[in-house]
Amino acid sequence: MATSNNLTKNTSQILLGSIGAQAINLALYPILTRIYSPEAFGIFSILLTIIVIIGPASTLRYDAALLLPKQDNEAFALYFMSLGGAIIFAVLISIAIFVLQLSKGYPFIDELKGHESIIWLIPCGIISLGMFQSASFLSTRTKQFIPLSKARIMQALLEKAISIAIGLGSATAVGLLAGRWLSPLVASLYLGCKAWRFNTPKLPLAAYAALANRYKRFPLIGVWGVFLDTAARELPTILLGILFSPITAGQYALATRIIGVPLSTIGEAAQRAYLHQSALIRHDIDAVRQATVECLVMLIIFAMPTLLPFIFLGKDIFGFFFGSQWALAGVYTQYLGLSFMTKLIMRPICSIFVILEKQLIMVALNTLLLIFNIMPIFACYIYNYNDIILIISLAISSFTISLFIIIFTLIYISSTVHNFLSILKSILISILPSIFIYTYAYKYIQMLYIKILIVIVGVLLQYAILILMNNKYRTRIIAIFVSYSKNKR
């Protein structure tokens, strides 16, 4: 029970910042979409994808390893090692860009011609992302969950403010990239200062070599796992920009960012708390199993109510909030919604392999994830299918592999698949009334305000049914919201 309470408390603390950050993003995105064109978003998405793919691997995964040592001074040493890795990666990327420029093999993507100068923001983005990632794990290690929440809000506010300010003068991808580069840099400095108050004795240089040897599986194998994971998430945007058009990439990027809000709020908050809790109990498989089931229940409780509205009303929501030119992105969300539900559940759960130091399993699973995420794009390009067929294919492929990974992870930690299916059955029963309501609104109601009101009623109805159906869900939902309210006060 203590494990459950700690997981709920830590998740709700991180969730505070995630919800605040995403509220800022959702509130200011309509301004950005009216300042920047789909083409500017497309170019930004292509370059950002490169940063996001390389950035997590640039720390050599020492950031994830710093959750494991018993001594805090060893954790701080791994923190500095991860920062060093990010700097080295950025220098290597800068050299590569310089060589390509000299050899006139630059830019290597036709859609970036005429925008060569902004490619130099890629190394800057890699450093800032690596710094923020390392600082986030250090905050998780030192239980600085409230400062981590504040840092996320700070990052979101700074990013949008910088992008809007630059965009008012010149609405190019530079403004979007500058906001994405500077905001995590400031947030990571804030987190670093907060964690620095843990005055730990410094280690001699020889101890760094010992740590590098102890956690050598993280840079040698773990890097490939995180690289494949981020590539599976982000590579479709680049491929859409190369094989189809920047406009298609921009529409897809906005669709995935907005529908990914629950993924980056609920999912990330649960993952951070789950990793912290699992690191403490990793030698007790029964406790790990209990924490995994608790995390699974929590994710499912939040996943379906928050994503179902996009499936039924995506086109209306996007057309109203972001402008008619982005209505196509709303159509994309209607097809991608179900696959994002399984992704939201999958990512926190399968992160247990990091704590168990089973990097080879992570590499294998992420390889499958990458294959299933890019295979439909190449198939649709070869057979010249339109973008709607492409998005449907992506959704089906992503849903299939995500569900497989969830079931595989539960079997690996000896958790019964029967528990998972029982939970899923209850959730599916609870959403039937909501599906009926959304379908009726989609077909027969024209006024968007009434549709939004119906969406709110549908979400509340689903929670009510969950509470009435099962005492376990009732206890879990009440615990989540009570903990959230206490943290807010």
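Let's start with one pair. The side chains of R214 and E357 form a salt bridge, at 3.2 Å from N to O. By salt bridge I mean a side-chain nitrogen of Lys or Arg within 4 Å of a carboxyl oxygen of Asp or Glu. R214 sits in helix α8, residues 205-214, while E357 is in the loop between α14 (352-355) and α15 (359-382), so the bridge ties together parts that are 143 residues apart in sequence. R214 is partly exposed, at 42% relative accessibility. E357 is buried, at 18%. Buried means under 20% relative accessible area, exposed means over 50%, and partly exposed is in between, with a 1.4 Å probe and protein chains only.

A word on the source. This is a predicted model, where local features need pLDDT of at least 70 and side-chain atom pairs count only at pLDDT 80 or more, while totals for chains, interfaces and linings use all residues. Residues are numbered from 1 along each chain as its sequence is written, and side-chain values use heavy atoms, with hydrogens and water left out.

Now the overall picture. The protein chain has 19 helices and 0 strands. These are DSSP runs, numbered from the N terminus: helices are H or I with at least four residues, strands are E with at least two. Of the 489 residues in the chain, 58% are buried. Take the contacts with a separation of 6 or more: residues 24 or more positions apart account for 83% of them. Contact here means heavy atoms within 4.5 Å.

Back to salt bridges. How many does the structure hold? There are 7. Another one joins the side chains of D229 and R233, at 2.8 Å from N to O. These two are 4 residues apart in helix α9, residues 217-244, so about one helical turn separates them. D229 is buried, at 14%. R233 is partly exposed, at 30%.

Next, E159 and R180. Their side chains meet in a salt bridge, at 3.5 Å from N to O. This pair links distant parts of the chain: E159 is in helix α6, residues 145-169, and R180 is in helix α7, 21 residues apart. E159 is buried, with a relative accessible area of 10%. R180 is partly exposed, with 30%. A network of salt bridges links E159, K160 and R180.

Two packed helices are described by the angle between their axes and the distance between the axes. The axes are lines fitted to C-alpha atoms, for helices over the stretch in contact, and angles run from 0 to 180 degrees between N-to-C directions.

Take α2, residues 38-58, and α7, residues 173-195. They pack at about 35°, with axes 8 Å apart. On the α2 side, the contact uses A40, F41, I43, F44, L47, L48 and I51. On the α7 side, it uses A173, L176, L177 and R180. That gives 10 nonpolar, no polar and 1 charged. Nonpolar covers Ala, Val, Leu, Ile, Met, Phe, Trp, Tyr, Cys and Pro; charged covers Asp, Glu, Lys and Arg; the others, Gly among them, are polar.

α2 also packs against α4, residues 72-102. The angle is about 140°, and the axes are 8 Å apart. That makes α2 oblique to α4. For the cut-offs, under 35 degrees is roughly parallel, over 145 roughly antiparallel, 65 to 115 roughly perpendicular, and the rest oblique. I54, A57 and S58 in α2 meet S82, G85, A86, F89 and I93 in α4. This contact divides into 5 nonpolar, 3 polar and no charged.
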